[in-house]
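The stops below are given in the order in which they may be selected.

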Amino acid sequence: MYYVDQEQIEKRLNEIQSLVKGVAQIKAKWDDSIIVHLAQERVLQLSIEIVTDVGSLLIDGFIMRDASSYEDIMDIIAQEGVVDSDLHKALVALVQLRKPIVQHYAEWERTRIHPLLQELPDVLTTFAESVRHFIVKELQLP
């Protein structure tokens, strides 16, 4: 029997709507100011944290193999059928931004909208739907 912390997963997935709204506001108000650039970085960072937190909760709850990195978390949930290959590619690209944002922030380019921001709302929304569908299927919920 699995113990999947659905409450913690839902708590994190519910934050996605705020990030989707944030992306829309960033794109609408893009004026190349530092505050908009920093908002973009925060949205990207929170997106990374959500997908890795949820991935880790799924791995723990469904007793999947241990992950060795953020990318590996995405690989495992793809191998286990949580996300499809297209979504997997987008999620890997997203989590690969963590090190530049968190550790190499002084070199982070702050001159444009990051290309991943354009597709981020769809990626996050599809991720949430995929996770919810996987949980229902695996736990055989109504």
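**Salt bridges**

The count of salt bridges comes to seven, a salt bridge being a side-chain nitrogen of Lys or Arg within 4 Å of a carboxyl oxygen of Asp or Glu. This is a predicted model, in which local features need pLDDT of at least 70 and side-chain atom pairs count only at pLDDT 80 or more, while totals for chains, interfaces and linings use all residues. Residues are numbered from 1 along each chain as its sequence is written, and side-chain values use heavy atoms, with hydrogens and water left out.

Select E10 and R132 to begin. Their salt bridge has its closest N and O atoms 2.8 Å apart. Because E10 lies in helix α1 and R132 in helix α7, the pair ties together parts that are 122 residues apart in sequence. Helices are DSSP runs (H or I, at least four residues), numbered from the N terminus. E10 is partly exposed, with a relative accessible area of 28%, and R132 is partly exposed as well, at 31%. The classes are buried (under 20% relative accessible area), exposed (over 50%) and partly exposed in between, with a 1.4 Å probe and protein chains only.

Next, select E41 and R110, whose side chains meet in a salt bridge at 2.5 Å, N to O. E41 belongs to helix α3 and R110 to the loop between α6 (98-102) and α7, so this pair ties together parts that are 69 residues apart in sequence. Is E41 buried or exposed? At 7% relative accessibility, E41 counts as buried, whereas R110, at 29%, counts as partly exposed.

Then move to E49 and R98, which form a salt bridge at 2.9 Å, N to O. Here E49 in helix α3 is linked with R98 in helix α6, 49 residues apart.

**Along helix α3**

Together with I35 and L38, I34 forms a nonpolar patch on the surface, with about 300 Å² of accessible area in total. Such patches are made of residues with over 30% relative accessible area and no salt bridge, with nonpolar side chains (Val, Leu, Ile, Met, Phe, Trp, Tyr) joined within 5 Å. The areas come from the Shrake-Rupley method with a 1.4 Å probe. Just after α3, I63 takes a positive phi of about 50°.

**The aromatic pair**

The structure holds one aromatic pair. F62 and F134 form it edge-to-face, 5.2 Å centre to centre, with 75° between the planes. F62 lies in the loop between α3 (34-61) and α4 (70-79) and F134 in helix α7 (residues 115-139), so the pair ties together parts that are 72 residues apart in sequence. Rings pair if their centres lie within 6.5 Å, and planes over 60 degrees apart count as edge-to-face. Both F62 and F134 are buried.

**The nonpolar core**

Finally, select L58, F127 and V131, the residues with the most contacts inside the largest nonpolar core, which has 45 residues. Such a core is a set of buried Ala, Val, Leu, Ile, Met, Phe, Trp, Tyr and Cys residues joined through side-chain atoms within 4.5 Å. Which helix gives the most to this core? It is α7, with ten residues.

Note on methods
Phe/Tyr/Trp six-rings, centres within 6.5 Å; stacked < 30°, edge-to-face > 60°. Helix = DSSP H or I, 4+ residues; strand = E, 2+ residues; numbered from the N terminus. Patch = residues over 30% accessible without salt bridge, like charges linked within 9 Å, V, L, I, M, F, W, Y side chains within 5 Å.
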